[in-house]
Amino acid sequence: MTPAALNAPGVTDTRGRIIDTAVRLFTRHSYAGTSLQMIADELSVTKAALYYHFHTREELLTAVVEPVLGPLRTIIEAAEAQRTPHARAEHLLAGYAALAVRNRAVISVLAADPGVTDVLLTQRDLGDLISRQIRLLADVDRGPSGQIKAAIVLGGIAVAVAPRLIDLDDDVLLQHLVEAGRRTLGLRTPRRATHNAAPGQTGPS
């Protein structure tokens, strides 16, 4: 298939198909183990057709993670604007967990493949975003203990949202992720969250 054919009227969002296929193959074979030729073969297109959209594997990886990094930056900035360490940690925890659930496959690629992180750290401000996340969560319990708890929460969420690892509805998964994160970090459940508690359940005293 030629580049012109891929972009002819009636062809469905070829760029999106390439990105979805890349995520699937990165998950299956790792980023280092997936070539552009493998992606082209999976799509039944020529490598030249793939080059029409992405010239390098690194360029494709950037497109894969871009929908996550923008919202993550917004969540971090909003969390940093909160008044207390607990409020900042709560905002970051809830926002990151929701983002992870909405983007399960991409978050899994980021979490499970060190090669992906290595590449992104040389191209983007991912390192700064990770440091800011850790700091926001660790400030609840300053010192080594807080940093370890923060790393456990961030890493645990990323692993738990892996597709097919845990068979739960997104809303249920999100609820349990946030609750587990709060317990790990030592955060109290916000009062507003107790209104949705199941019958017989109450918030912390």
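**Fold, helix packing and core**

Followed along the sequence, the protein reads α-α-α-α-α-α-α-α-α-α-α. Please bear in mind that this is a predicted model. The secondary structure amounts to eleven helices and zero strands. The protein has 205 residues, of which 39% count as buried. If we take the contacts between residues at least 6 apart in sequence, 66% of them join residues at least 24 apart.

Let me turn to one pair of helices. Two packed helices are described by the angle between their axes and by the distance between those axes. For helix H6, residues 85-102, and helix H10, residues 144-160, the angle is about 20° and the axes lie 10 Å apart. Because angles under 35 degrees count as roughly parallel, H6 is roughly parallel to H10. The crossing of H6 past H10 is right-handed. Which residues make the contact? From H6 they are Leu92, Leu93, Tyr96, Ala97 and Ala100, and from H10 they are Val153, Leu154, Ile157 and Ala158. By class, the residues of this contact are nine nonpolar, no polar and no charged.

In soluble globular proteins, nonpolar side chains tend to be buried together. Here, the largest nonpolar core contains 59 residues, and those with the most contacts inside it are Ile39, Leu60, Val64, Leu92, Leu137 and Ile157. Helix H5, residues 57-80, supplies the largest share of this core, eleven residues. As for Leu60, leaving aside residues up to four places away in sequence, Leu60 touches Ile18, Ile19, Ala22, Leu36, Ile39 and Phe54.

Conventions: Residues are numbered from 1 along each chain as its sequence is written. This is a predicted model: local features need pLDDT of at least 70, side-chain atom pairs count only at pLDDT 80 or more; totals for chains, interfaces and linings use all residues. Side-chain values use heavy atoms; hydrogens and water are left out. Axes are lines fitted to C-alpha atoms, for helices over the stretch in contact, and angles run from 0 to 180 degrees between N-to-C directions. Helices (H or I, at least four residues) and strands (E, at least two) are DSSP runs, numbered from the N terminus. Angles under 35 degrees count as roughly parallel, over 145 as roughly antiparallel, 65 to 115 as roughly perpendicular and the rest as oblique. A crossing is left-handed if the near helix is turned anticlockwise from the far one by less than a right angle, and right-handed if clockwise. Contact means heavy atoms within 4.5 Å. Ala, Val, Leu, Ile, Met, Phe, Trp, Tyr, Cys and Pro count as nonpolar, Asp, Glu, Lys and Arg as charged, and the others, Gly among them, as polar. A nonpolar core is a set of buried Ala, Val, Leu, Ile, Met, Phe, Trp, Tyr and Cys residues joined through side-chain atoms within 4.5 Å. Buried means under 20% relative accessible area, exposed over 50%, partly exposed in between (1.4 Å probe, protein chains only).
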